[in-house]
Structure formats: structure tokens, C-alpha cells
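Student: Could you walk me through this model before I set anything up? I'd like to begin with how the strands go together.

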Amino acid sequence: MMYLHTMVRVSDLDRSLRFYCDLLGLQEVRRTESEQGRFTLVYLRAPEDLDNPQPQPEIELTYNWDPETYDGGRNFGHLAFQVDDIYAACQKLMDAGVTINRPPHDGHMAFVRSPDAISIELLQKGAPLAPQEPWASMEKTGSW
């Protein structure tokens, strides 16, 4: 068995691509549009996985053309991404208006939410970074 992808339904494809690609750094690897099914599928990968000859895990963004409401994004758990510098990643997201729900108090782990309320875990690559302000004393917000 091989893990292939995680599918998440999104309500605004452009907004979601901005979050996953521009802010998190994933890259679109393929797209399928179905006139008959009235949906668009966009597959994303981490940049480090693009040149790997072996199949790599992907995120499938499913955009249904007919309006739907998706709530309770946490019902499937969360997506997790390893980052080179958790403080820089959180600062970039915060500067773009993303709420840091669980700040990286420990220099190791943080949680944010996608535009569709999907919980996103960020994990520091390698050893945790030394605690830093404002992160060390920042309050937790909402749920993750």
C-alpha cells in the first residue's frame, strides 16, 4: 500500500491556492476540470518532492462549482507540514492575516487554519528552535 493524497473540499479555489501555494509554498502539479461533474481538482506537492522519481504524497483540492457550505473542517484531523524555520513561517502567515491558533511556544509546533477551517500543523525541521518572543508568550486562539 502507498499513501497517495489527502483530499480537502474548498469553497473558494483562488483563496485556497493563495493559502496553500503562496503562503505555505506548495506547488500545483496538475489540474482536472470536469464540465459534466461540475468540479475542479487541483493537486499540490511540496517543492522538495517535485523532482523525486518516486510517487510523493499530494493534497487534492476539490472545488465544486455549485455553491456548498463546508463546516467542521476539523472532522478529518489535520494536515502537517515540516518547515525550515517555524518562526519565519508563522510570521509570514500572520503578516498575511492568518491567525496563529497554537503559536510555536516551544520552537517546534504550531497550528493555523486554512480558509476552509482545515487545521494545519507546522513542525520545525530538525531540533526545536530556542523559544522566542512574541511566540513564547503568545496566547492560544480558537481551536486547532
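Tutor: Two strands count as paired if DSSP finds at least two bridges between them, and the elements themselves are DSSP runs numbered from the N terminus, helices being H or I with at least four residues and strands E with at least two. The model is predicted, so local features need pLDDT of at least 70 and side-chain atom pairs count only at pLDDT 80 or more, while totals for chains, interfaces and linings use all residues. Residues are numbered from 1 along each chain as its sequence is written, and side-chain values use heavy atoms, with hydrogens and water left out.

Student: What does strand 7 do with strand 6?

Tutor: Those two strands also run antiparallel, joined by two bridges, and arginine 102 stands opposite phenylalanine 111 of strand 7. Their hairpin has six residues between the strands, where glycine 107 takes a positive phi near 70°.

Student: What's the strand order in the open sheet?

Tutor: The order of its four strands is 5-8-7-6, with mixed pairing. Strand 5 and strand 6 (100-102) are the edge strands, each pairing on one side only.

Student: Switching topic, which residues have the most contacts inside the largest nonpolar core?

Tutor: They are Tyr20, Leu61, Ile120 and Leu122, in a core of 29 residues. Such a core is a set of buried Ala, Val, Leu, Ile, Met, Phe, Trp, Tyr and Cys residues joined through side-chain atoms within 4.5 Å, where buried means under 20% relative accessible area with a 1.4 Å probe, protein chains only. Helix 1 gives the largest share, six residues.

Student: What does isoleucine 120 touch?

Tutor: Beyond its neighbours within four places in sequence, isoleucine 120 has contacts (heavy atoms within 4.5 Å) that include Phe19, Tyr20, Phe81 and Phe111.

Note on methods
Buried means under 20% relative accessible area, exposed over 50%, partly exposed in between (1.4 Å probe, protein chains only).
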